[in-house]
Amino acid sequence: MSTRPGVDAPPPPEAIDGAGVDRLRSGCVGVVPLPARIEAWQRAVLHRPELLRSWIDRHGSPSNLHHPAPFVRNVRALQQVASDRDIDLEVLFARKADKALIYVDTARDLGIGVDTASEVELTEALAHGCAPRTLVCTAAVKAAPLVRTCLAEGVTIVLDNDDELDLVERLAAASGLTAIVSLRFGGFRHDGRVLPTRFGFDLDDAGALLRRLREATDLGRMRVEGVHCHLDGYDVEHRVAAVTQLLPVVDALRAERHPVRHLDVGGGLPMRYVDDADAWASFQVEHRRALLGERDPITWNNDGYGLHAHDGVVHGALGLYPMYQDPVAPAWLAALLDASVPGQAGRTIAALRDRALTLRLEPGRSLLDGCGMTVARVEHRKRHRDGTWSVGLAMNRTQCATAKPDHAIDPLLIAVDGDEPRTGPVEGWLTGAYCTEAELLTRRRLRFPGGVARGDLVVFPNTAGYLMHFVESRSHRFPLARNLVVDATNGAVELDAVDRHGG
Ligand SMILES: Cc1ncc(COP(=O)(O)O)c(C=O)c1O
């Protein structure tokens, strides 16, 4: 289904210059600003408020907008880093980060793999023509039907624990098929401590695991083609430690004639939501000052996002995704490949090349950097006793959220209808449709220098990685947001296949 609201002109030239971006950002600014990065396709769309409004009127508020061109660019940037170093790299898109099928189709067309985390993710990827050998299944919990599908299709199963190993062995024996597996490990040591994880076999148990695998592989029930890990956080040093400590396991597996060909370091490749390092640094300073009572709060109820002040000292850890960080994905991969491998002569690249090992990555969030935004309509404005305002959107908190406490970049306010009465300049909060006091769409205190009118649109930029779907719920019987794929060149949107098939 294609909806063409009749505004088919290409984006105006001013859509792409710096002044145009400043204008877009000027309608809604944090009391301590965190200006979002805005891609060219987003600027083009945001400069046509009446077109945007027609999409929301037709498909509902909020709607998620998707555009896969940045995905292609992000994949190619990683591939370039590897080819510059003559390293075999396989990128597998971690689909859990966004359910829209446009990215599965794009991954398929690029010839890269998809990391699937559930039976539906897997069967959809197969139905969309992804080659089974390019797929992996990393589901945290694997029930028998999922394992049977992997076996039947020849999809690599990333094994996490003994019970999974038992199940896969049993189902392989029953079906007469060989399971292709990759062994997930945890328990890597870095800087004198073990990196904590609940996932994978403990490295210290690798010897026992290898002994256990002998019978299953001798009987042809299993073929170990890889080793795997996925670490919390974004620290490249942790990945260097993991690669270094997985190499002896690869050697031991190969000594037992397992045809190990890849080493998979999972996802967690960093990205940034703001380009301004100073803005992010100032935000953190001002946030701490607010917690210490040295300035007015900059968050709802002085929310610490995981920090709290006690006796004049701030304790805890900031729970937000790092809105600015350096390096981001391609430079991070370069740093991983160029790192020296402790205890071995040479660098990661040499260790991989010497062993003819393919490096696998499973990025989710960072491949989706720049691909999405979430748009909602203002339904009411309301002044509170303390002088702040709440701006009520047709949207709920789960529609732009992850397990982190906030998506802390400045949203954009797009005025649509010049006839609607506007408030004067106001300051306050974006509130959502669930019935709790804490139903804030972002906990940041925001300024609206040009006022707010009913019917304005609020845009949450860069939401494709996890923010749209990771925790979305249908509480209060609200429908899920629709996912629209934007063709920025002709102003058309098309419902993503995930919604055409019923979500
Ligand atoms: C096994 C595995 N691979 C890849 C990913 C994707 O991580 P990211 O989106 O941070 O790149 C995850 C995320 O949880 C994961 O658990």
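A contact here means heavy atoms within 4.5 Å. With that in mind, start with the whole chain of this predicted model. Of the contacts with a separation of 6 or more, 73% join residues 24 or more positions apart.

**The whole protein**

Show the cartoon and you will find 14 helices and 24 strands. Along the principal axes, the C-alpha atoms fill a box of roughly 75 × 60 × 45 Å. The radius of gyration is 24 Å, which agrees with the value near 23 Å that a compact globule of 503 residues would have.

Buried residues make up 56% of the 503. Colour by charge next: there are 58 positive and 67 negative side chains, and the centres of the two sets lie 2 Å apart.

**Helix 3 and what follows**

Select residues 49-59, which form helix 3. Show the side chains of P49, L51, L52, W55, I56 and H59, the buried residues of this helix. As background, an α-helix has 3.6 residues a turn, so residues three or four places apart point the same way.

Step just past the end of helix 3 to G60, where phi is positive, at about 100°. Go on to the peptide bond from S61 to P62, which is cis, with omega near 0°. P62 sits in the loop that leads from helix 3 to strand 3 (63-66).

Jump to D326 and P327. They are joined by a cis peptide bond with omega of about 10°. For orientation, P327 is in the loop between strand 15 (313-316) and helix 12 (329-338).

Most residues other than glycine have a negative phi, and most peptide bonds are trans. Two stops are worth a look with that in mind.

Select D311, in the loop between strand 14 (307-310) and strand 15. D311 is not a glycine, yet its phi is positive, at about 55°. Is D311 buried or exposed? Its relative accessibility is 71%, so D311 counts as exposed, the cut-off for exposed being over 50%.

Finish at Y466, in the loop between strand 22 (457-461) and strand 23 (482-487). Phi of Y466 is also positive, near 75°. Y466 counts as buried because its relative accessibility is 18%, and buried means under 20%.

Technical notes. Residues numbered from 1 in each chain as written. Predicted model: local features only at pLDDT ≥ 70, side-chain atom pairs only at ≥ 80, totals over all residues. Heavy atoms only, no water. Helix = DSSP H or I, 4+ residues; strand = E, 2+ residues; numbered from the N terminus. Rg over C-alpha atoms; globule rule 2.2 N^0.38 Å. Buried < 20%, exposed > 50% of the residue type's maximum accessible area, 1.4 Å probe, protein only. Lys, Arg positive; Asp, Glu negative; His and termini not counted. Charge placed at Lys NZ, Arg CZ, Asp CG, Glu CD.
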